[in-house]
Amino acid sequence: MKRIKNFLKSLGILLLLVGGLVAWTMLPWYGVLAAVVLLLAWLLLTRSGALALAAARIGIAGLPQRWGASSVIVIGIAGVVGVLVAMLAMGEGFKATLDNTGSDATAIILRGGSQAETNSVITRDQVPLISALAGIARGADGRPVSSPELSQVVNLPSKADGTDANVQFRGVNPTAWELRPQLKLVEGRRFGAGMREIIVGRGAQRQFAGLEVGRQLKLANQAWTIVGTFESGDSHESELWADADVLGPAYQRQAFQSVTVKLAGKDGFKQLKAALAADPRLKLDVSTTRDYYAKQSEGLTKVIKALGIVIGAIMAIGAVFGALNSMYAAVAGRAREIATMRALGFRGLPVVTAVMLETMLLALLGGLLGAGVAWLVFNGYTVSTLGNNFSQVVFQFKVSPELLWTGLKWALGIGLVGGLFPALRAARLPVTEALRAG
């Protein structure tokens, strides 16, 4: 019974510490800054703080002699921070890619209730009705700026391992270029009207084999010639583009999946939404392309973030125990030194603070090391993952300053938790016992 009570007590303390660590990592930067300012003010302006600072200097000066044990803390925390930042950078990069895809100046129209283009159908007789709606901008020729588009998923071998992966094959009309001004040709030319020609995104070209300009692809039992490469800095770089009037018959598609339109001014979206709702022939949904692509990233981003925090928390528990063992050993090895300081008048609080500062310094070094490695290795690293259209979206890891700051907060939180109990033990160590043990 006693063992069960001790186990439950230890488990409760562990959960409390993990909860405190998570709460610390959720503090905004100004909360952390306020805590640091208060600590510095106490260290520099009070007698107890000055004693703690003096004791910390003694402990830090002895770190080179205890570098083997100290490196356990540094490397352990560096591993936690590196993995955490890398995981979060994956979600951040995927979200940034899809967020950059859309705009508030354009809208995408799908079948009512459809969450993505792959499960949407817009019949050809609906396209003229959509183009005539209020809220759609008109070009210099007086025609509505709209692009009915096909979305076909095809299989291509990846460069990494040669396995087949889904790639989005988009059929567009010439207006699609006006709707996406960020899309620029970097090699070759545009596909010709009525021709079985393809232009490929730079991201798709990096990830999948056989997409060089001049090569031919066999899709839908037909030979297609790659005539150009484009860059856009968004998810369209993961796609292949062709003439919609050629792509539809090749795959026996009689309908479109979406219609993308340019909005007429700041009230264009409201006008278009109201016009769609007022026409009983059009049971369609509309959203700005920014909102549409942002929603496409929500699910995966949340999963990656949650997975990163869970993995980080599990690794953090291991790092905390490593820090506890190392600092307990350090306190035991410095028993005579601590006892001497206690005999000279150092009270419990300065001793606790000194041990905590030493642990926090090692944690900061580990955090900086892990964050630096994550930035050097993963920032800009290109990968692909399955999007809501069941096709691969090519994106880059994005190690932002906010993620680096999050990693440092985790490092300091681990140091705070890992140094607490050894610090309390050092402060409670009886002077006579410590001198005899030393």
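Modeller: A polar contact is a pair of N or O atoms within 3.5 Å; within protein, one must be able to donate a hydrogen and the other to accept it, and residues adjacent in sequence count only if both atoms are side-chain atoms. This is a predicted model: local features need pLDDT of at least 70, side-chain atom pairs count only at pLDDT 80 or more, and totals for chains, interfaces and linings use all residues. Residues are numbered from 1 along each chain as its sequence is written, and side-chain values use heavy atoms, with hydrogens and water left out.

Biologist: Which side chain does a polar contact of 2.7 Å join to that of Gln 257?

Modeller: Gln 257 is in the loop between H8 and E9. Helices (H or I, at least four residues) and strands (E, at least two) are DSSP runs, numbered from the N terminus. A polar atom of the Gln 257 side chain also lies 3.0 Å from the backbone nitrogen of Ser 151. The 2.7 Å contact is with the side chain of Arg 253.

Biologist: Is Gln 257 buried or exposed?

Modeller: Buried means under 20% relative accessible area, exposed over 50%, partly exposed in between (1.4 Å probe, protein chains only). Beyond four places in sequence, the contacts of Gln 257 (heavy atoms within 4.5 Å) include Ile 109, Leu 110, Glu 149 and Leu 150. At 5% relative accessibility, Gln 257 is buried.

Biologist: Which backbone nitrogen does the side chain of Thr 289 reach at 2.8 Å?

Modeller: Thr 289 belongs to H10 (residues 289-333). Its relative accessible area is 6%, so Thr 289 is buried. Among the residues that Thr 289 touches are Gly 102, Thr 106 and Thr 260. The nitrogen reached at 2.8 Å is that of Ser 103.

Biologist: Which strands do the buried residues of H9 pack against?

Modeller: Gly 268, Leu 272, Ala 275 and Leu 276 are the buried ones in H9 (residues 268-278). They lie on the same side of H9 because they cover an arc of only 100° around the axis (taken from the directions from the axis to the C-beta atoms). On the other side, Lys 270, Ala 277 and Ala 278 are exposed. The buried residues pack against E1 (106-111), E9 (258-262) and E10 (284-288).

Biologist: At what angle do H2 and H3 pack?

Modeller: Trp 42, Leu 43, Leu 44 and Leu 45 in H2 meet H3 residues including Arg 47, Ala 50 and Leu 53. Axes are lines fitted to C-alpha atoms, for helices over the stretch in contact, and angles run from 0 to 180 degrees between N-to-C directions. H2 is roughly perpendicular to H3 (under 35 degrees is roughly parallel, over 145 roughly antiparallel, 65 to 115 roughly perpendicular, the rest oblique). With their axes 5 Å apart, H2 (29-45) and H3 (47-61) pack at about 95°.

Biologist: Phi of Asn 221 is near what value?

Modeller: Asn 221 is in the loop between E6 (216-219) and E7 (222-231). At 73% relative accessibility, Asn 221 is exposed. Phi is positive in this residue other than glycine, near 60°.
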